[in-house]
Amino acid sequence: MLETTVAGSLPKPAWLARPKMLWAPWVPEGEALAEAKRDATLLALKMQEDAGIDIVSDGEQSRQHFVHGFLAEIDGIDHARKVTMGIRNNRYEAQVPTVTGALKRRRPVHGLEAAIARAHTRRRLKFTLPGPMTIVDTVADGHYGDRVTMAMAFADCLNAEARELAAIGVDVIQFDEPAFNVYMKDVKDWGIEALHRAIDGVGAKTAVHICYGYGIKANIDWKQSLGGEWRQYEEIFPALAQSRIDQVSLECIHSKVPVELLRLLEGKDVLLGAIDVASDTIESPEEVASVIRNALKHVDISRIHPCTNCGMAPMDRRVAEGKLAALAQGAAIVRHELRYRR
């Protein structure tokens with residue numbers, strides 16, 4: 001019970017990419033880069049295992065960005081045709097590529113890195129992919145003229161990838177959908193339908209990660225505008241509870257999300273965000289345990305997986321290591337308490 005996991009990304013070592021930043025440029029080139037990515041994946045696995053994390057990830061060590069890493073092998077996207085676009089409902093602007101033709105996955109995107117990770121850990125393995133709605137919100141449309149049609153085309157590409165990842169032996173495939181906290185009506189109208197298309201026939205547990213974003217200024221400023229309670233989850237959780245997704249990953253610690261909203265996810269595994277990725281302060285195990293105890297008032301223990309709030313890519317590696325250890329130790333405290341009571 002209370003098996004720990006991570007939302008996905010972990011910091012990259014300085015010999016692979018410039019530390020403590022998103023979109024960090026690679027340090028090596030050519031064959032040396034491929035070897036460095038492989039080595040960094042093994043290091044990420046070891047980092048999680050040493051910390052005591054139960055369900056590990058590859059740490060997204062081979063990707064510069066959680067969306068654009070997948071898009072690199074999708075036909076129909078002109079990566080040289082960049083436009084400036086407001087994303088996440090204009091929370092911030094980004095230079096994004098343009099969809100110029102029919103979308104099609106030209107080859108497996110993450111199969112090699114998943115296979116490397118699978119071969120080097122005996123623990124259950126999670127692998128992350130961007131969700132269809134978040135992809136649509138992170139590219140410019142110069143072809144489809146309709147967000148829903150384009151999202152379904154991306155969902156087909158994701159489905160082909162997810163099926164292959166499951167065949168490799170990935171245990172949990174997670175779709176990252178920060179856009180679900182922004183376009184709540186669209187989530188119910190077509191976002192969940194797009195996720196269902198992406199998971200169709202996938203032989204692994206499936207998860208959706210819905211957070212309030214990396215610990216960058218644009219996201220921190222947005223959170224400060226949301227008032228005394230963050231109730232975005234309240235609008236979408238009932239629909240997710242009726243969906244075919246197995247797990248929902250959410251942000252909890254140091255957020256203003258009312259913990260009772262977890263009741264709305266009845267029947268789903270809850271990946272409980274108990275580590276703050278917007279702060280370099282390392283949580284104590286007791287702080288993590290407190291988050292878990294509060295969640296247990298609303299979710300059955302068999303459904304809770306203590307997790308990080310979001311990815312840790314832009315974080316200092318030593319801080320990330322400390323936070324992962326606190327996550328595992330906090331879960332252990334609560335496990336011990338519950339066993340003692342029994």
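1. Strand S3 (residues 92-105) runs parallel to S5, and 2 bridges join them. Strands here are DSSP E runs of at least two residues, helices are H or I runs of at least four, and both are numbered from the N terminus. Val99 has Asp141 in S5 as its bridge partner.

2. This is a predicted model: local features need pLDDT of at least 70, side-chain atom pairs count only at pLDDT 80 or more, and totals for chains, interfaces and linings use all residues. Residues are numbered from 1 along each chain as its sequence is written, and side-chain values use heavy atoms, without hydrogens and water.

3. The sheet is open, has 3 strands in the order S2-S3-S5, and its pairing is mixed. Pairing requires at least two DSSP bridges between two strands. Strand S2 (74-87) and strand S5 (140-141) are the edges, each pairing on one side only. Helix H5 (residues 147-168) packs on this sheet and touches S2, S3 and S5. Contact means heavy atoms within 4.5 Å.

4. The 22 residues of H5 should span 32 Å, and its end C-alpha atoms are 31 Å apart, which agrees. The expected span is 1.5 Å times one less than the number of residues. After H5 comes Gly169, with a positive phi near 120°.

5. The disulfide count is 0, with a cut-off of 2.5 Å between cysteine sulfur atoms. Cys252 is buried at 13% relative accessible area; buried means under 20%, with a 1.4 Å probe and protein chains only.

Notes:
Axes are lines fitted to C-alpha atoms, for helices over the stretch in contact, and angles run from 0 to 180 degrees between N-to-C directions. Buried means under 20% relative accessible area, exposed over 50%, partly exposed in between (1.4 Å probe, protein chains only).
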